[in-house]
Amino acid sequence: MKQTNHTFILPVSVILSLFILSEVNYPLLKPQSALALFAMLGLIIVFFKYPLHSRYSNSRIFQIVDYILVGCVIVCFGYVVVQTEPMFKRFWLNGVFLGERASAEHILDFYIGGFGLLLILEATRRSIGLTLPILAIVFLLYAFFGQYLPSWLFPHRGYSIQRIISQTFLHGGVFGVALRVMFTYVFLFVLFGTFLERTGATGYILNLARRIFGTSTGSAAKVAVIGSGMMGSLSGSAVANTATTGTFTIPLMRSMGFKPEIAGGIEAAASSGGALVPPIMGAAAYMMLEIVEPSVTYLEIIRAALLPAILYYTALLLIVHFYSKRTISSSENITNTITETEENNTSKDLPSEKLPLMQGMVFLAAFLTLIVFLLFGATPFRAVSWSLLVVLVVSVFHTKTRVGIPRITKAMEKAGHSGVSLIAAASCVGIILGVVTLTGVGSKLPRVLLPLAETNLILALFLLMISTIILGMGLPSSVCYLLMAILVGPVLLDLGVVPLAAHFFIFYFGMMSMVTPPVALAAYTAAAIADSGIMQTAFAAFRFALVGFALPYAFVMRPELLWLSSEGGNPELWVVLINLFLILIGTILLAAGIAGYAFKIVSIWERCLMFLAAVILFFAPTEINLIWIHGLTLLASVLIFYYNWCKGEIGHEKYT
């Protein structure tokens, strides 16, 4: 019976892939209907793929339960489609479609919605574990018992079970931004990657990397960092950036010995910083033109973004380099890893020694057309759809790259296996977002917390960071920036922060919410491509992006990094260079401390000293009478690295 379950996954995956390709590019359904069908197909695969418990995977009784749950999924999500689509108008309850029944729902709506929430929680538990479902349950309890909470836990008037179900399932919530991002972008890019793998193009990437980067430690991860920064500056979306470049870089990193969750974490961290890279930045950069007072030009925004972006990607490259030194023993082992990966690849026709011309042509056609379509203004989903078509056309010219019907169906099946846990997770995140919208906790948080820090800038910045990250759970970074800039931007100005620096602080943490567990959409996307655990990937992304959490504090405390003086004017060049030098040294210390490597694996006390020195360089004022603090810190930093260099054993022990 277990085999029977898996037999159903292939046709459902094919239907899911074809549905997304058609509906995203040529929509025929209402948005909520499309998302309901998307979630329904994804959850069907989840209940077929993941047993109630691993020990019961062969139990006939529990597999019958799986079939019953699949039937319930079809009923609950099919109900949303029937009650939304005009073609089913004669079945609408009271003659009114679901979207217009807000505050006047039928009792059947609530039964369907409540059971739908339970199905989502169970599907998420099966596919990614308990963390996210427990968090969603906490939010649901918060919505119901809010009136009984103390003042410091953001009480509200409380909501009935019917109102909670309405907000989280029937009208938004589950069918909100998180699921829409997965539907519009992520699954298409997962499908794109599986098709490339079937043509052998990923084998070409592996061989090319061995030829060009085989002697450089962690070369694949470094390529991922730079490539994601370049691509992100075009797309402005952390999720789309992860899906685009991760298709190429994550398999490459895995082939070079990186664990799946580490490869996904590096890609997610690199992609999240892409919208910070000038000249083409995220939508929030354009919003600054309308919000920042006194007004600024786009050229000033680009100039302000330049040094922080360089520092962020420099830090990420350093962390990747130190991490690779600690985990990868030698370039010889890298080559061996690639060879073993190729030998174990399901496509046995991938050569391991020479670079096949046609597979290279498929790879170049895919990569170049994707970039060209994006440059010419195509949306990411339209660009990847056209690039997928180009891949299919180019691949027919050689037997080794040709993708026939069997390979197409296998590619769709693999996309289904890789993407369904993400669909369940996005649906569960929608429950959380529905509660946030219902209770208004996202806007209450900064209003309650920031007055606590009215006279303490560092505390105010820390509380603002927490508020922005919470509000950014699942929200597009531009929306997160807009809300926080309006709600708390004036508070920072009252604390004496340079206006543009205050807005960049909010902008950065809106982006960092994409890699902050437990809701980290960029990491979720990378996990789907890497076929790794979602939470493990999210925490890995958080670790690699840690420097990104320190930099915003640096350019608030040192606005010269944004080419601004503390009075808001233009600073002297030598002042900019001094501050850049101090932060660069602090970045190196922070990167070495995070990776735990500096010429050799460093001890806990050495890492603590590195973190302490980095904090001083990031936060200590640069007044003349305090210059001795920086001097001693720099001297201590040199001594730490010199000590490790002297005792450096060029062995590469495993990272713990």
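User: Where does N94 lie?

Analyst: This is a predicted model. N94 sits in the loop that links α3 (60–82) to α4 (107–128).

User: What is phi of N94?

Analyst: Phi of N94 is near 60°. That is a positive value, and N94 is not a glycine.

User: Is N94 buried or exposed?

Analyst: Exposure is read from relative accessibility, with over 50% counting as exposed. N94 has 63% relative accessibility, so N94 counts as exposed.

User: Which loop holds S103, and what is its phi?

Analyst: S103 lies in the loop between α3 and α4. Its phi is positive, about 70°, although S103 is not a glycine. At 77% relative accessibility, S103 counts as exposed.

User: Let's turn to helices. How many helices and strands does the protein have?

Analyst: There are 27 helices and zero strands.

User: How are two packed helices described?

Analyst: By the angle between their axes and the distance between the axes. Take helix α13 (residues 298–327) and helix α24 (residues 546–557) here. Their axes come within 10 Å and cross at roughly 150°.

User: What does that angle say about how α13 and α24 run?

Analyst: Angles over 145 degrees count as roughly antiparallel. α13 and α24 are therefore roughly antiparallel to each other. The crossing of α13 past α24 is right-handed.

User: Which residues meet where α13 contacts α24?

Analyst: From α13 come P308, L311, Y312, A315 and I319. They meet V547, G548, L551 and F555 in α24. Sorted by class, this contact has eight nonpolar residues, one polar residue and no charged residues.

User: Why is α24 described as largely enclosed by the rest of the structure?

Analyst: Count its buried residues. A residue is buried when its relative accessible area is under 20%. In α24, 10 of the 12 residues are buried, so the helix is largely enclosed by the rest of the structure.

User: Which residues of α24 are buried?

Analyst: The list is V547, G548, F549, A550, L551, P552, Y553, A554, F555 and V556. Among them, V547, G548, L551 and F555 also meet α13.

User: Now the whole protein. What share of its residues is buried?

Analyst: Of the 656 residues in the protein, 58% are buried.

Key:
Residues are numbered from 1 along each chain as its sequence is written. This is a predicted model: local features need pLDDT of at least 70, side-chain atom pairs count only at pLDDT 80 or more; totals for chains, interfaces and linings use all residues. Side-chain values use heavy atoms; hydrogens and water are left out. Axes are lines fitted to C-alpha atoms, for helices over the stretch in contact, and angles run from 0 to 180 degrees between N-to-C directions. Helices (H or I, at least four residues) and strands (E, at least two) are DSSP runs, numbered from the N terminus. Angles under 35 degrees count as roughly parallel, over 145 as roughly antiparallel, 65 to 115 as roughly perpendicular and the rest as oblique. A crossing is left-handed if the near helix is turned anticlockwise from the far one by less than a right angle, and right-handed if clockwise. Contact means heavy atoms within 4.5 Å. Ala, Val, Leu, Ile, Met, Phe, Trp, Tyr, Cys and Pro count as nonpolar, Asp, Glu, Lys and Arg as charged, and the others, Gly among them, as polar. Buried means under 20% relative accessible area, exposed over 50%, partly exposed in between (1.4 Å probe, protein chains only).
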